[in-house]
Amino acid sequence: MKKRSCINGLSLIVIFLLLAFAFNVSAEKLPVWQSQHSLGMNKLDPHYYVLPYNSEQEVLSRDYEKSPFYMDLNGQWKFHWVRNPDGRPETFFEKDFFDGHWADIEVPGNWERQGYGLPIYVNENYEFVHPMFGMDRPNPPLVPDEHNEVGCYRRTFTVPENWRDRRTVLCLEGVNSFYYVWLNGELLGYNMDSKTPAEWDVTDKLTEGENVLAVEVYRWSAGSYLECQDYWRISGIERDVYLYSTPKVHIADYEVGSSLETKTYKDGIFDLNVTIGGALEGEALLDYELLDDKGAVVLKDSKTVVSGGAQTVVAFETKVLNSVKPWSAEAPHLYHLVLNLTDVQGRDAHITGNHVGFRSSEVKDGQYLFNGQPILIKGVNRHEHTQRGRTVDEESMLADIRLMKQHNINTVRNAHYPNDKRWYELCNIYGLYVIDEANVESHGMGYGPASLAKDTTWLQQHLERNQRMYHRSKNQPSVVIWSMGNEAGDGINFEKTYEWLKSVEKNRPVQYEMARETAHSDIYARMYRSVEEIRAYAASNPVRPYILCEYAHAMGNSVGGLKDYWDVFESEPQVQGGCIWDWVDQTFREVDENGRWYWAYGGDYGPEDVPSFGNFNANGLISADRQPYPHLKEVGKVYQYVKAELVNTENLTVKVKNWYDFTNLDALTLRWEVKSDLGKVLLSGNQIVSAVPGETFMLQLANGQFSVPANNREVFLNLNWELNEARPFKSEGFRVAYDQFVIAASEAPKTPSSSAHGRRYTINGTSASNQDVSVSFSESTGELVSYIYKGQELLASPLSVSVDRAPTDNDRRDWNGGRHWEQLGLSSLNPVDVSVNLMRAGRNLQVLVRQAYTNQKDQKIMDVALTYILNPDGEMLVSGLVTPDTSVVKTLARVGLSFDMPASYNQVHYFGRGDHETYADRKQNGTIDYYQTDYRSDVCELCGSAILRQSHRYALDGHHAPQWSGFVCVIRGAI
């Protein structure tokens, strides 16, 4: 028995070795794009941008494209697309390959937006894990082979004569998701990571005359497992491609330290370390100048560089700049660094440089401090999106920044990957705090044991993506926080990544949402937490600041309850704001077969069973063409930096707080007025008040005692804070903050009074009439079915109780919202047990209606009691009580009355909140006044702007019931 056991054991060992050999052979046959270890080949080490300029002035203006040592390779390329790697032209990279029959494609730009392949939108899943692509479960690092699209790109270029005897570098800023690159038929290498630049030294591969550059791009690769973000899954060369030339001895990298000393935060601390690349023969001279915004040199130094091998690190002496102008989102003061490396004769200059902003960003005593002040993050998340796909031009970036600055947004989280390099420069210039986030999201693997964050074979992927992000953005003043990724689980890979980041980064916090309260996140960066949970955290004596990386999901008609969050943010010192999800709809404008345009979202391309998460990518504060949605107004109002409270109505005293962090209130003019409910301005004035950041003060507006005129039911105190001087995207007089207060509340709606000239109503069953008015109620439903005034029918449909509406996008995903309402059948309720009683009350008519409502399943939903009172002139007051059956009903979509009027009644005059839609939980931005609108042009156009049709309405206040005066609607309550 023992001998037999030994033979079986030997057999097992042999079988194991054979299997291992077979596995290794199989593994060797796998292409490199199927391995998580294939991060790149022959690439230059990551570094900060060292683009060469021709002069100091070009550095100051950031005009690197004008440099004679920069060559833009964007534009028309030759392109060939196939559905799988087997169909690709295997020798297309050879210099003499004929591509004359190939199509042209625009670079940069995703190929799905140029007629190739299938754009797919999913949220948290891997799009390639689908029967359409032959995968039924994630199997990292493997992705589909048979269905993996490949795009082959070719273009030619000629190097200028003055690049001879210099070093030349090829840079591809962003290619999705994996690619090989050849020059003149020679393989340069490959890269995996779609969102950070990859560079190759091509000096020895260039030829005189025409050169041929070839790039082979794979839609999916092992790297796709870390690129499972909530966006369109599209492919190709999506960012800039260019060449630049430097002297052979060149500036290879540099790191700027531009912090503030941490006692008074007034003096700047300047550090500079420069890495010199290339074999230095003899000596070279490296100097720098730091210039202020007027071009004056405020710091300078120089060093003689002696060869230290292939690379030499030059560390300049730390210098202090007294009373520096600090950089912040409110006042983005920039200095300009100019670096110049020459040989000892002053030849072969490599001139480069960057913006410098002196600022501090730190977590201290449980708070996030910027320039020594605990600030509030008034943020948004922003995906890169235009009609070209994820290729974003400067015009779109500026449109985004303009709207952000106009609506008091101070922070952008780069969700969820490093952005185009120009974005950071614009944020430096115009003032936006940037949370830069690594291109790491493995959402489709879940957060449990299968998470790639726990698999150490994926450590280098996590680490290098963060390293490359850090090095390409480390000198950007606008980058104030690093984020290691998004929704990728948590584990050893993030712990090690955090350790590396903290070893190199001394001046910025590092965060990661899924690290929660562990040691490897400096900020408690949660998403979509309730107000109650946030308050509980604040009460727990926390050691970290709480900043929501995502909140207030802005999908469709949304962003209700924003003020509730900000009541907490402004009252709890360690709860410091957050970033709304998200900024811009990721939709594409398409035209249907009838020539009508529409916004396309997930599922609108390809077969019916294409992987899709529907319109969940349409959750922006603005539309894809950069048009603001109504809820952006609420964001601007709640985010405003000046807030007031009315404390005395007799002398109009208000308590004002300056919520700016670094701006005195004397930069603004307060323009105030008291306006009656009849539209007349009763009092007004202008004032400039000095108040330091964070100061609260009392301000009396009226010289003496103020009283409401007898003929006014209520008056309104309006405060408007306007800029004294123009700023970028804001003209002089631009309103940056406002408040409105009711001085005297309206009386409760009165019963319509009897008219001395009106006749009594004649009652006939469930109908009644006099010489001017005729009304009829349905005996079976209890609804008002006819209302005739002076011979004209004013109802086009019965006046009925309405507890249903079109669900908003967020309703559809709430189990107690749209899905619950659909299960209840709120759209098709039937009134039962109806009673209608008409009676005279003096000259008035009083109608009492009682109804019970059931659904199609005969479940009782609610009881309704309505009272109608009409005076002889036809003025009508309707009041009622709706009592839901809570054993069945968890929520109702709304409670109100609905009816149609003839189409000719399209002019609406109303007194209420406007001049845009507001809601009970989204009304901070609406001011009460008289407004006029055309139903056909305003309301229909408004509803048509939605990606999916959903509930919209105007001017809600929640304070007064609606009133009617003739055909003018006074809207101060829910209709």
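**Close-up views of a predicted model**

**View 1. Helices α8 and α9 cross in a right-handed sense.** Right-handed denotes that the near helix is turned clockwise from the far one by less than a right angle. The contact (heavy atoms within 4.5 Å) involves Leu562, Lys563 and Trp566 of α8 together with Glu634, Val635 and Val638 of α9. The model is predicted: local features require pLDDT of at least 70 and side-chain atom pairs pLDDT 80 or more, whereas totals for chains, interfaces and linings use all residues. Residues are numbered from 1 along each chain as its sequence is written, and side-chain values use heavy atoms, without hydrogens and water.

**View 2. The axes of α8 (residues 562-569) and α9 (residues 630-638) come within 10 Å and cross at roughly 20 degrees.** Axes are lines fitted to C-alpha atoms over the stretch in contact, with angles from 0 to 180 degrees between N-to-C directions. The two helices (DSSP runs of H or I, at least four residues) are therefore roughly parallel to each other, a term for angles under 35 degrees.

**View 3. Helix α9 is largely enclosed by the rest of the structure, because eight of its nine residues are buried.** Buried means under 20% relative accessible area, with a 1.4 Å probe and protein chains only. Among the buried residues of α9 are Pro630, His631 and Leu632.

**View 4. Seven strands form an open sheet with parallel pairing, in the order β30-β29-β28-β27-β26-β32-β31.** Strands are DSSP runs of E, at least two residues, and pairing requires at least two bridges found by DSSP. Strands β28 (residues 433-437) and β29 (residues 479-483) are joined by four bridges.

Note on methods:
Parallel < 35°, antiparallel > 145°, perpendicular 65-115°, else oblique. Buried < 20%, exposed > 50% of the residue type's maximum accessible area, 1.4 Å probe, protein only.
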